Amino acid sequence: MNTNSLNLQTLTLQKKVVSLLGKISLLMDEASRLTGDHETVLKYERCHQEIIKAAWNVEELRLKMAIAAPMKTGKSTIINAIIGQPLLPSRNAAMTTLPTEILLNAQLSEPVLTLSPQTLSILETTQEKLQQKIKTLAEETLQEKISSYPHLATLVNRISTPSQWHLAEKVFGCKAINQTLTDLNDLIRLCTLILPEIDPLPTLTEFPHIETPFWGSKQQGIGNLLIVDTPGPNEAGEHQLTEVVNQQLENSLIVLMVLDFTQLKTEAAEQVKQDVKKVIEVRGNENLYILINKVDQRRSGDLTPEQLGKFVSAEFGLSEENHDQKLFEISARQGFVAAHFIQETEQVSEIAIANLETAIPLSKEVFGIDWEEELEEKNLEELKTLSHKLWKKSGFPKFLDTAISHLIENAASLCIESALKLSKSSLTEVLKDRNFKNSNIIKTAEELSHQITQVYEVLFVLKIWHNCLQEIDQIVPDINQLIDQDVPEIKSKVKSLFKTYFYDQEYEHSSRMIKLYTRLFQNSTNYFNPLKLGLCNSIHNQFKFKPIGKIQFKTIEEAQGFSKLSKRYIKPEIKRILETQDTKAIQYFIENRNSIIDFLDKNTQLLSERSRTWFNDNMIKILAFPKINLQTAQTFKLIKPGSIKKFKPKREKPNLWYNIWDYINQSSLVKYEVSFQSLDQINTLSIDFSIDQMKHKTSKYIKQRFKTQINELLKSFVDYLLSN
């Protein structure tokens, strides 16, 4: 999809929205200072802060998606599967205590973790205080406090030795980031166990931030998707961490909820559902995606996909029509193992299986208890095939293509739309406030509210534009598929017609004895059947006409003349068939073209009357646009590869019943042979060439003429809306 013009207009809108949000932010600040009621002051201060955050999101074009889930439902594994690397740490015990931001950036070659100066300072101070506390604790007391988390003993030893503990502002590479995040999460966990009074979480305003490439990236658009990995309620436990998680959910435009298929009704799952429901009451359930993980553990008698869909609909009020876009069944473990193996093998051209870090995890997942024996018997290509099968089986391809790719592609418009909704809601609060009746604040709020309505129109048209480009881009592969599915039938039909013609010609060029024999007996009754007349089988077989798909000529001129005559016969037949195919392709394009025009007409009816009038006046240009004319049949030509074979015939022994004259006449001459196979190959290659030309002309017209015209129309429309 060529979206250059669309992206430029989106960036223009972005600047206008950032400026508008700045004005609304100032208005909220002024409203908070002019009102006397404490609760109202807090309300406008909250609006002021939310507008500032929204403006930052629009300025950065970052779409924030929080992942909410109970502990051990596979949040980190899901993110690792999306990325294709073990970036986030995971273990059987509680792991995530610190929210982590992951920005998907297809332009990077390796992931990078950033810790802000404020975060570094707080964590280093925490480490120093923990070091002091550990020195004061008796060994038995310390071991008792961390008994539920024995892995923390290693961290205690490292903290006690300052030279073994170091935090950097930037950390590069998957393994180094994984280790750093493990240390940070364990540090927070250790603090809550032995020094809860200095819990650093409430003072943290910025969290670890990772920018990373991601496996199988098809990133388009100009926005960015920011994923936030949050602790689950039974990972958190502490009140402070629960508040941090809720804050992350409230600050996110999109919520991705993960549920464990084997534990859909646990207390932790219910708590997450309630937290998420509070958010979607504000955001709307159109901003909610649900992953059901561990469906590879589904057994007979468990919920079927249909039953699971009804369960989710009842829990979150999703319509069943949205299941394919909002609800996904996955196996995070299968997805990660497959993605990690595929990515590793793509990065190296030749490598022994024994040297692949991912070969054993893949084999364990695919082969189960027999993985060691099976791995020894498989080669690399077989493992690659199995990894792709596992990836498909995991459910991740659908999730990435339907949800993640959609969010990345539409990140900019979703950021802007969310900011506009928030601004509209904040201005409505001001307009309803009687404290400002007949004041300048009301007038300013009305003006800003009107500007938001105008910006909404621009955003709406940009969405229409984006959808139109997607529909137009889909026409080309659809038409190609339509054409290709008829090609075997076209070739078969041409072959059948030409075979009949060639065999007739082969008979005409057969020996005089064969033709005489055929004339005598081809229409004979049973009474005059040659075998009943006493002729033996060998004589009958000698003179009976049997087409072999080859015709011999004495001179090259005769052979060339026959080839030209054959082409002259079949060419009109092929042209007639191609003309029908032209008509079919053109009709399909016209149907899609009319569908797009109807889509534009229907959606622009929702705009203001002034905008609709401008669009309808300019839409006439599209309706009057020259029609597509393929002319594949008119320009059809048969290609001219060599189709004549020169040879010297073998000397046959004369037969009593054979035409002696024919035998003597041909014995010493060079012959020229034309075969049905060679001429049929010419027909097939010529059809393939014409079909390719048909598809090329169709694609060129759609992309360079029709799509360009639609682009120009909508670009002019957006220019008009932005200037008014």
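Q: Where do R33 and D29 lie, and how many residues apart are they?
A: Both R33 and D29 lie in helix α1 (residues 4-34), four residues apart, which is about one turn of the helix. The model is a predicted one.

Q: What makes R33 and D29 a salt bridge?
A: The closest N and O atoms of R33 and D29 are 3.7 Å apart. The cut-off is 4 Å between a side-chain nitrogen of Lys or Arg and a carboxyl oxygen of Asp or Glu, so the pair counts as a salt bridge.

Q: Why is R33 called exposed?
A: R33 has 57% relative accessibility. Exposed means over 50%, so R33 counts as exposed.

Q: Why is D29 called partly exposed?
A: The relative accessible area of D29 is 28%. Buried means under 20% and exposed over 50%, so D29 falls in between and is partly exposed.

Q: What makes K463 and E417 a salt bridge?
A: Their closest N and O atoms are 2.6 Å apart, and the limit is 4 Å. The pair links distant parts of the chain: K463 is in helix α19 (residues 440-508) and E417 in helix α18 (residues 411-432), 46 residues apart.

Q: Is E417 buried or exposed, and why?
A: E417 has 18% relative accessibility. Buried means under 20%, so E417 counts as buried.

Q: Why do strands β1 and β6 count as paired?
A: Pairing needs at least two bridges. Strand β1 (residues 62-68) and β6 have six bridges in the parallel sense, so they pair.

Note on methods
Residues numbered from 1 in each chain as written. Predicted model: local features only at pLDDT ≥ 70, side-chain atom pairs only at ≥ 80, totals over all residues. Heavy atoms only, no water. Helix = DSSP H or I, 4+ residues; strand = E, 2+ residues; numbered from the N terminus. Buried < 20%, exposed > 50% of the residue type's maximum accessible area, 1.4 Å probe, protein only.
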